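Please open the structure in the viewer and keep the selection tool at hand.

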Amino acid sequence: MKGLRWILLVAALAVLAAVPWFGSDVLVQFGINALLLAVLAQGWNIIGGYTGYASFGNSVFYGLGSYGVAIAMVQWKLPFAVGMVFGVVLAVAFAFLLGLPVLRLRGHYFAIATLALAQVMIAIVSNLSIAGQNIGLVLPPLNDDRLFYELSLILLVAATATVFWLTRSRFGFGLIAIRENEEGAAVMGVNTTLYKVLAFALSGVFSALAGGIHAYWITFLDPASAFDISLNVKMIIMAVFGGPGTVLGPVLGAFVLSTVSELLSSEITSVAGLFFGLVVVVAVIFMPRGVADLMRRFRTTGWRYFVENLKAHRI
């Protein structure tokens, strides 16, 4: 059974890799967006799904990665790869500097603190001449959607492989222990502060890389779009819908919700804005552990799966 899963996974990966060579331009562009959102959801999964800290600060990592590429290429005339590295350095530095004080907070206090970070970064970047202030930066165009698609796919594979490693590593077990009982994890010898900051930084690395790819792809960047808090909301919803704390759940959630959202926005524009709010309600009430848990348990429990969740939440 495990061998069959690997075969199906490799086949799905091969199909995804072939999309730019056989699909239309519209499909490739949609694929780039969906893959990058899946990377963001998977990155949030590290800090939110495995560590249990609902971060609204990953959009900051995304923006820092975007500006890392933009500043390196526009202001310093450096290659794209150098800009990606610079963006990652900015994200990791931010994670360590602000992660140490912010990660001492818990629950909604932590969520509120990270929510404010995006607005702070917009104010800071809007006053930096090297970042183009409020006007933003225009990157040199590179009309190669195939390249951006494959880069996005490679990044998603790397993020998913990292999450898979977490499920089998001592570090990952430590994060799960923090999520389940942080005090108990500390008693058992887990350096909770270090583990949380490392998880925050690792989450930031993938968000920054996704931001860097997206910035070079669209060739324009301004503070409001780079640090857009609604993007953070999307990655959380996708991870929660697919199944936080699972390997493939956030990827599945990102693909499903991106597809449905795209169809709604093209067919029924007025409904598209309400879609993600509806998803939150449905997911929390009927399948709080996400689609991944639904697929695993529905075969044995059937429709009782939804009834049990309703009873568990006393709805």
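Select Phe-61 and Phe-94: both residues are buried, a word that stands for under 20% relative accessible area, with over 50% called exposed and the range in between partly exposed (1.4 Å probe, protein chains only). The model shown is predicted; local features require pLDDT of at least 70 and side-chain atom pairs count only at pLDDT 80 or more, whereas totals for chains, interfaces and linings use all residues. Residues are numbered from 1 along each chain as its sequence is written, and side-chain values use heavy atoms, leaving out hydrogens and water.

Stay with these two rings. A pair of aromatic rings is described by the distance of the centres and the angle of the planes. Rings of Phe, Tyr and Trp (its six-membered ring) pair if their centres lie within 6.5 Å; planes under 30 degrees apart are stacked, over 60 edge-to-face, and the rest tilted. The ring centres of Phe-61 and Phe-94 are 5.7 Å apart with planes at 85°, so the pair is edge-to-face. It links distant parts of the chain, since Phe-61 is in helix α3 and Phe-94 in helix α4 (residues 80-102), 33 residues apart. Helices (H or I, at least four residues) and strands (E, at least two) are DSSP runs, numbered from the N terminus.

For another, select Tyr-53 and Phe-110, an edge-to-face pair with 5.1 Å from centre to centre and 90° between the planes. Tyr-53 lies in the loop between α2 (25-50) and α3 (58-75), and Phe-110 in helix α5 (residues 107-125), 57 residues apart. Both Tyr-53 and Phe-110 are buried.

Next, select Ala-111, also in helix α5. Is Ala-111 buried or exposed? Its relative accessibility is 14%, so Ala-111 counts as buried. Contact means heavy atoms within 4.5 Å. Setting aside residues up to four places away in sequence, Ala-111 touches Ala-54 and Phe-56. Ala-111 and Phe-56 are 55 residues apart in sequence, yet 6.0 Å apart in space, C-alpha to C-alpha.

Finally, select Tyr-67. Not counting residues up to four places away in sequence, Tyr-67 touches several residues, including Val-125, Leu-137, Asp-222 and Phe-227. Move on to Asp-222, in the loop between β2 (220-221) and α10 (223-226).
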